[in-house]
Amino acid sequence: MTSIGLAVIGAGYWGPNLVRNAMATPELRLEWLCDLDEDRAKAVLGRYTTVRPTTSVEQVLADPAVDAVAIATPARTHFDLVQAALNAGKHVLVEKPLTPTYAEGAKLVALAEEKDRVLMLDHTFCYTPVVRRIRDLIASGELGDVQFVDSVRINLGLIQPDVDVLWDLAPHDLSILDFVLPEGVSPLAVAAHSSDPIGAGRPCLAYLTLWLSSGAIAHVHVNWLSPTKIRTTVIGGSRRTIVWDDVNPAQRLAVYDRGVDLSTAGADERRAALISYRTGDVVVPALPEREALRGVMSEFAASIKERRAPLTDGRSGLRVLALLEAAGQSIQNDGQRIDLGGPIR
């Protein structure tokens, strides 16, 4: 396979970004852009292009030149579109969330395995240089044991018509957590609270707490109503602490050699805990600035050519869905802690 024939389905908010990055990825050959509004698809493609616009998904899936599809449509349409693409023998890249329910997502993962096709989630942040560096810092042991995670993702809008703020924004943080946590550490329980102060008919802000198998706690705050945009994540370790500020390109990531040390003193049965505060250097790693979606497209192409699971495969999407559904169950029960019954597979 010299190049992979690709069709993009959806020319709305995210579709044009997929089109642009697919065209810039040598391993991919963009064949179609499909949208219910053909004029919108034509506008995205411009006048000088060999990529064909269409309103027909069936036409795209019937084309033998199309090896794979990238789906950027509302979440409620994902199940039918991904199922049709897999049944047509196509590899699939799909926007988060995978589907509106875990049960539907599990069916698609099983179908992809049955058809021996790649099913990949567009968990875009996992392909940013900063998240890749965070993953490496944790995996190398430089942070020590992860003790806590605190993430804030807030800004003004965009209020979605088909999902609440938890399903819109939290998949970013949950997929990042799934990507960077060390092997063997996973969420065991979830609790969540939400609010709709403007009467939008769906939660516009939410607070999510996850208990990890290591004993650590992760907390996520998502909000559509904040007048300021804040995207920060703090990951505290027993040796060092990471602060990621995604809106600060001058210092996107800082590694602090600061924290609290606990030692024991005394003899026999009487021991006193001694707390000391450690203050050391702050290191700001040099990170390349490159578009994460280019990495998504390259990984999609590589996983197809190498016949392997992508870094953010269908099962990573299932793990995110399990947490979102548990969070919804918690909200319906006034913030009750929901046990997941063990690590999510």
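Visitor: How many residues of domain 1 are in contact with residues of domain 2?
Guide: In this predicted model, the domain assignment of the chain gives domain 1 as 4–124 + 292–313 and domain 2 as 126–290 + 323–339. The centres of domain 1 and domain 2, taken over C-alpha atoms, are separated by 30 Å. On the side of domain 2 the contact takes in 15 residues, and on the side of domain 1 the number is 18 residues.

Visitor: Are helix 4 and helix 5 roughly parallel or roughly antiparallel to each other?
Guide: The axes of helix 4 (residues 78–87) and helix 5 (residues 102–115) come within 10 Å and cross at roughly 10°. Since angles under 35 degrees count as roughly parallel, helix 4 and helix 5 are therefore described as roughly parallel.

Visitor: How do the residues of the contact of helix 4 with helix 5 divide into nonpolar, polar and charged?
Guide: Helix 4 contributes His78, Phe79, Val82, Gln83, Leu86 and Asn87, while helix 5 contributes Glu104, Lys107, Leu108, Leu111, Ala112 and Lys115. Sorted by kind, the residues of this contact are six nonpolar, three polar and three charged.

Visitor: Is Ser303 buried or exposed?
Guide: Ser303 has its place in helix 8, residues 292–305, and touches Val118, Arg308, Ala309 and Pro310, not counting residues up to four places away in sequence. Buried means under 20% relative accessible area. With a relative accessible area of 0%, Ser303 is therefore buried.

Visitor: What separates the C-alpha atoms of Gly280 and Val82?
Guide: Gly280 lies in strand 14, residues 270–283, and is partly exposed, with a relative accessible area of 24%. Not counting residues up to four places away in sequence, Gly280 touches Asp257 and Arg258. Val82, one of the residues of helix 4 in the contact with helix 5, is 198 residues from Gly280 along the chain, and their C-alpha atoms are separated by 50 Å.

Note on methods:
Residues are numbered from 1 along each chain as its sequence is written. This is a predicted model: local features need pLDDT of at least 70, side-chain atom pairs count only at pLDDT 80 or more; totals for chains, interfaces and linings use all residues. Side-chain values use heavy atoms; hydrogens and water are left out. Axes are lines fitted to C-alpha atoms, for helices over the stretch in contact, and angles run from 0 to 180 degrees between N-to-C directions. Helices (H or I, at least four residues) and strands (E, at least two) are DSSP runs, numbered from the N terminus. Angles under 35 degrees count as roughly parallel, over 145 as roughly antiparallel, 65 to 115 as roughly perpendicular and the rest as oblique. Contact means heavy atoms within 4.5 Å. Ala, Val, Leu, Ile, Met, Phe, Trp, Tyr, Cys and Pro count as nonpolar, Asp, Glu, Lys and Arg as charged, and the others, Gly among them, as polar. Buried means under 20% relative accessible area, exposed over 50%, partly exposed in between (1.4 Å probe, protein chains only). Domain bounds come from an automatic or database domain assignment.
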